[in-house]
Amino acid sequence: MAPVATREESGNGIIGNVAELKKAQANKLLDHEPMFINPFYSPSAGNENDDDYQYAKYKPHFPVVNWKPLTEIEVTDRGHLADSSKAALFSAAQKVKHLTPTIGTELVGIDIRQLTNQQKDELALLVAERGVVFFRDQELNIHEQLDIARYFGPLHKHATTPVPREPGLEEVHVVYNDAARRPDASAFSKIELWHSDVTYEIQPPSTTSLKVITGPGYGGDTLWSSGYALYSSLSPGMQTYLEGLTALHSAVAQAEGSRAAGLHIRREPIETVHPVVRVHPVTGWKSVYVNPGFTRRILGVPKSESDTILNFLFHQIAENVDFQVRFHWEPNSIAFWDNRVVTHTATFDFWPQTRHALRATPHGERPESVEDYESRTGKVAKDRQIEIWKERGIEIPQSKKGPSRARGYND
């Protein structure tokens with residue numbers, strides 16, 4: 001969503017620029033919080049062109065309602081039930097296109113509405129393995145999109161971002177930008193816009209879907225970056241170090257940014273501690289699990305160390321193109337991605353054209369560290385890249401420090 005600078009009343013009138021807003025709000029912030037600018041919501045859309053816009057009922061709406069705090073719930077990942085070959089899903093496709101070696105697959109010729117439960121299970125597994133899976137020319141409506149999302153888990157209701165104007169769609173997250181909402185380049189850096197959705201929740205999302213219903217002829221792409229690939233790129237010593245760390249994920253800045261814009265907060269913000277390296281419950285692969293949008297600091301280390309490590313990881317997410325896939329949307333394109341193992345960001349190069357999309361977001365399990373996963377399952381958590389090499393018959397040289405030669409490092 002477009003980064004938008006917030007505005008707030010002061011004793012002298014409207015605070016209209018970012019520097020003044022930062023100064024006015026600074027005394028309310030914890031030292032680990034960014035300033036009150038919220039890039040993750042679509043500003044309230046007016047009624048311009050509503051008469052001839054077929055999706056006016058799905059434009060952004062901010063209901064003044066209050067929701068109870070979320071509590072932990074039981075979630076079963078459907079990928080556990082899938083055939084590892086994914087034969088039922090692949091047989092339904094005219095073509096399976098892997099977009100990069102690391103991340104991203106497009107399935108051609110499938111009508112998502114016709115998927116059997118077995119094929120949905122295999123889709124969940126494919127998304128877990130490839131990070132994000134794309135479909136084009138999908139006619140499913142938002143109610144059908146929600147039905148598929150519910151198959152993957154209980155749906156998340158966002159505390160601050162918009163829902164459609166149409167009643168009964170509080171589980172839908174609206175992404176909307178048009179000519180009236182020009183992105184504010186002074187509000188956020190592009191690195192800070194990389195995020196995994198609502199990682200501050202106790203049980204952040206799993207297999208999320210986003211369908212674009214109106215889009216520009218070009219521009220407005222989304223990029224995803226693989227946490228599996230980031231983990232695999234690190235030296236064995238860094239991998240071991242990160243596996244023992246936890247980090248704070250915070251909703252506070254997002255909520256306060258919305259408050260400063262005059263919006264109602266439907267659920268009070270929380271902060272949650274998650275492992276820096278988590279293990280996907282189905283693949284058993286390790287993934288770096290931090291993101292610039294919501295991860296505030298690593299716990300139990302000096303702040304300077306936390307800042308250095310997070311800054312390194314954030315730049316790898318945003319700048320290492322070997323970890324990334326970029327997708328150009330067309331109307332009726334839909335993406336399914338696994339929020340547990342990828343981060344994403346949008347490009348805001350399409351103004352003044354309209355970009356309108358609808359998201360459905362199932363809850364996943366509570367993020368699990370390497371130690372906790374191995375203790376619970378009795379299995380050894382794995383490095384995805386090494387598993388791929390093994391599948392290809394590539395022998396991995398081992399040493400006391402792990403498979404460092406295979407990665408190009410000296411022992």
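**Buried Strands, Paired Strands and Cores**

Visitor: Why is strand β18 called largely enclosed by the rest of the structure?

Guide: In this predicted model, five of the five residues of β18 (residues 342-346) are buried, so the strand is largely enclosed by the rest of the structure. The word "buried" requires a relative accessible area under 20%.

Visitor: What makes β10 and β18 a pair?

Guide: Two strands pair if there are at least two bridges between them. Strand β10 (residues 222-226) and β18 share five bridges, in the antiparallel sense, and therefore qualify.

Visitor: Why is Thr207 called buried?

Guide: The relative accessible area of Thr207 is 3%, and the limit for a buried residue is under 20%; Thr207 is therefore buried. Thr207 is found in strand β9 (residues 207-214). Beyond residues up to four places away in sequence, Thr207 touches Val127, Phe152, Phe336, Trp337, Arg340 and Pro362.

Visitor: Which strands form the open sheet, and in what order?

Guide: Seven strands form it, in the order β4-β5-β6-β17-β9-β19-β8, and the pairing is mixed.

Visitor: Which strands of this sheet are called edge strands, and why?

Guide: They are β4 and β8, because each pairs on one side only.

Visitor: How do you know that β4 and β5 pair, and how do they run?

Guide: Four bridges join β4 (residues 95-98) to β5 (residues 105-108), and at least two are required, so the strands pair. They run antiparallel. Within this pairing, Val96 has Leu107 in β5 as its bridge partner. Six residues lie between the strands of the hairpin, where Gly104 takes a positive phi near 95°.

Visitor: What makes β5 and β6 a pair, and how do they run?

Guide: Two bridges join β5 to β6 (residues 132-135), which meets the requirement of at least two, so they pair. These strands run parallel. The bridge partner of Glu106 in β6 is Phe134. The chain passes from β5 through helix α3 (residues 117-130) to β6, and this β-α-β crossover is right-handed.

Visitor: How do β9 and β17 pair?

Guide: β9 and β17 pair in the antiparallel sense over five bridges. Lys211 stands opposite Ile334 in β17.

Visitor: Which residues of helix α4 are buried, and what covers them?

Guide: In α4 (residues 142-152), the residues Ile142, Gln145, Leu146, Ile148, Ala149, Tyr151 and Phe152 are buried. What covers them includes α3, β8, β9, β17 and β19. The helix lies across β8, β9, β17 and β19, running at about 35° to β19.

Visitor: What is found at the start of α4?

Guide: A side-chain oxygen of Asn141 reaches to within 3.0 Å of the backbone nitrogen of His143. A polar contact requires N or O atoms within 3.5 Å, so the distance meets that cut-off.

Visitor: Which residues touch the most other members of the largest nonpolar core?

Guide: Of its 26 residues, these are Leu230, Leu242, Val276, Val288, Val290, Ile298 and Leu313. Helix α8 (303-319) is among the elements that give two or more residues to this core, and α8 gives the most, with six residues. Leaving aside neighbours within four places in sequence, Leu242 is in contact with Leu234, Val276, Val277, Ile309 and Leu313. A second, separate core has 18 residues, including Ala93, Leu123, Ala124 and Leu140.

Terms used:
Residues are numbered from 1 along each chain as its sequence is written. This is a predicted model: local features need pLDDT of at least 70, side-chain atom pairs count only at pLDDT 80 or more; totals for chains, interfaces and linings use all residues. Side-chain values use heavy atoms; hydrogens and water are left out. A crossover is right-handed if, with the strands pointing away from the viewer, the path from the first strand over the helix to the second runs clockwise. Buried means under 20% relative accessible area, exposed over 50%, partly exposed in between (1.4 Å probe, protein chains only). Contact means heavy atoms within 4.5 Å. A nonpolar core is a set of buried Ala, Val, Leu, Ile, Met, Phe, Trp, Tyr and Cys residues joined through side-chain atoms within 4.5 Å. A polar contact is a pair of N or O atoms within 3.5 Å; within protein, one must be able to donate a hydrogen and the other to accept it, and residues adjacent in sequence count only if both atoms are side-chain atoms. Axes are lines fitted to C-alpha atoms, for helices over the stretch in contact, and angles run from 0 to 180 degrees between N-to-C directions.
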